[in-house]
Amino acid sequence: APRGHSLFEASACEIEVSSPVKAPCVYSINLATCKLAHCYKQQLRGYLTDFEDHHACRRIYATAPDGTQVPITVAHRKGLELDGTHPSVIYVYGAYGIPLETGFDISQAALLSRGFVLAWAHVRGGGELGTSWHEQACNGNKWVSVDDFIACADTLVDQGYSASNQMAASAESAGGVVLAAAISKRPDLVSLMLLHSPFLDVLTSMERRDLSLTVEEYEEWGDPNEPRQLLAMHNYCPLRCIERNKAELPAFLIQGYMEDERVPPWGMMKWVVEARRGVQHAYDSDDECYVTPRPMLLWMSKNDHFGSWADKIVQTGLLVKTLRSSR
């Protein structure tokens, strides 16, 4: 990816190259001669010293219900046996035409070094394959992104990278719509959900014109003033579609922030209440207090939309404890 440059008349520019298994490396390009010069490479130390030599990254494809080939980036240890026994995490976003980043991340490298398989589902709604890839999941058509994600998770299982009881799914912000809707449709898809600042009450948010981002995002999520789009939004909105299988939801951790100006925290809180209520009613017909048989966690703090590094530490710890202990 090109790095920012403040001088339009500059004779050179810098680009940064990285992947899930390759630490960032910066090169300088002479714009007159097009020659490439190495500038800097992030040095990995400790247990990550030989990280690049022992891990691989590849591209596979899942087939969506309409026949579309959805790309998946997969990273894992070299020599991995595709026997379906490996703990895994699948990441998803799929909104605003923004590609899901697959650059080097130290917390993800820590998981890879512990034998995890990591996958990035490049579903429609993102910008990986151009404007059309984004537009196919706009204006209330978000189920396209959801079905793409389900196909990607199933592909990882079918090809032996992992198993549903060894798989976690992670999403941030708008990606929470895709993940939460997919789990409401297929609660057996994964055994753990990690949601960071997730957008879970789409319908209520889009009906409130007083919120800062509502009207300008009708094109992305749908216009509630249009009956056809309103019905579509009601069907994919995570807070509405959770009613389908909420008694069977997997374990989850939702991290939200009281000072978040992009995603209202009350949407996450309402979703958690509905999720816990579903499990409680499934096990206790007298509506008495019940401790759920799996973690259903809500973590709220006073940070802004992007949180802090402490949040990743909590996520990594929960992943290792939950998926390792289930083996």
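The largest cavity has a volume of about 30 Å³. This is a predicted model, where local features need pLDDT of at least 70 and side-chain atom pairs count only at pLDDT 80 or more, while totals for chains, interfaces and linings use all residues. Residues are numbered from 1 along each chain as its sequence is written, and side-chain values use heavy atoms, with hydrogens and water left out.

Let's start with how such spaces are found. Rolling a probe the size of a water molecule over the atoms shows where empty space is left. Here, on a 1 Å grid over the protein atoms alone, a cavity is a set of points where a 1.4 Å probe fits but cannot get out, and a pocket is an open set with protein on both sides within 12 Å along at least five of seven lines; lining residues have an atom within 4 Å of a point. Points are joined across faces, edges and corners, and a volume is the space filled by probe spheres set on them.

The count comes to 1 cavity of 30 Å³ or more. Among the residues lining the largest cavity are Pro-198, Phe-199, Val-263 and Trp-266. Helix α10 (residues 265-283) supplies the largest share of this lining, 3 residues; helices (H or I, at least four residues) and strands (E, at least two) are DSSP runs, numbered from the N terminus. By class, the cavity lining has 7 nonpolar, 2 polar and 1 charged residues, with Ala, Val, Leu, Ile, Met, Phe, Trp, Tyr, Cys and Pro counted as nonpolar, Asp, Glu, Lys and Arg as charged, and the others, Gly among them, as polar.

Now turn to the largest pocket, which holds about 1400 Å³ of space. Its lining is made of 44 residues, and Tyr-93, Glu-172, Ser-173, His-196 and Phe-306 lie nearest its centre. Elements giving two or more residues to this lining include β8 (167-172), β9 (192-196) and α11 (309-325). Of these, α11 gives the most, with 6 residues. The pocket lining divides into 22 nonpolar, 14 polar and 8 charged residues.

Strand β9 also holds Leu-194. Leu-194 is buried (under 20% relative accessible area; exposed is over 50%, partly exposed in between, with a 1.4 Å probe and protein chains only), at a relative accessible area of 1%. Its contacts (heavy atoms within 4.5 Å) include Ala-169, Leu-179, Leu-253 and Leu-318.

Notes. Lists of a residue's contacts leave out its neighbours within four places in sequence.
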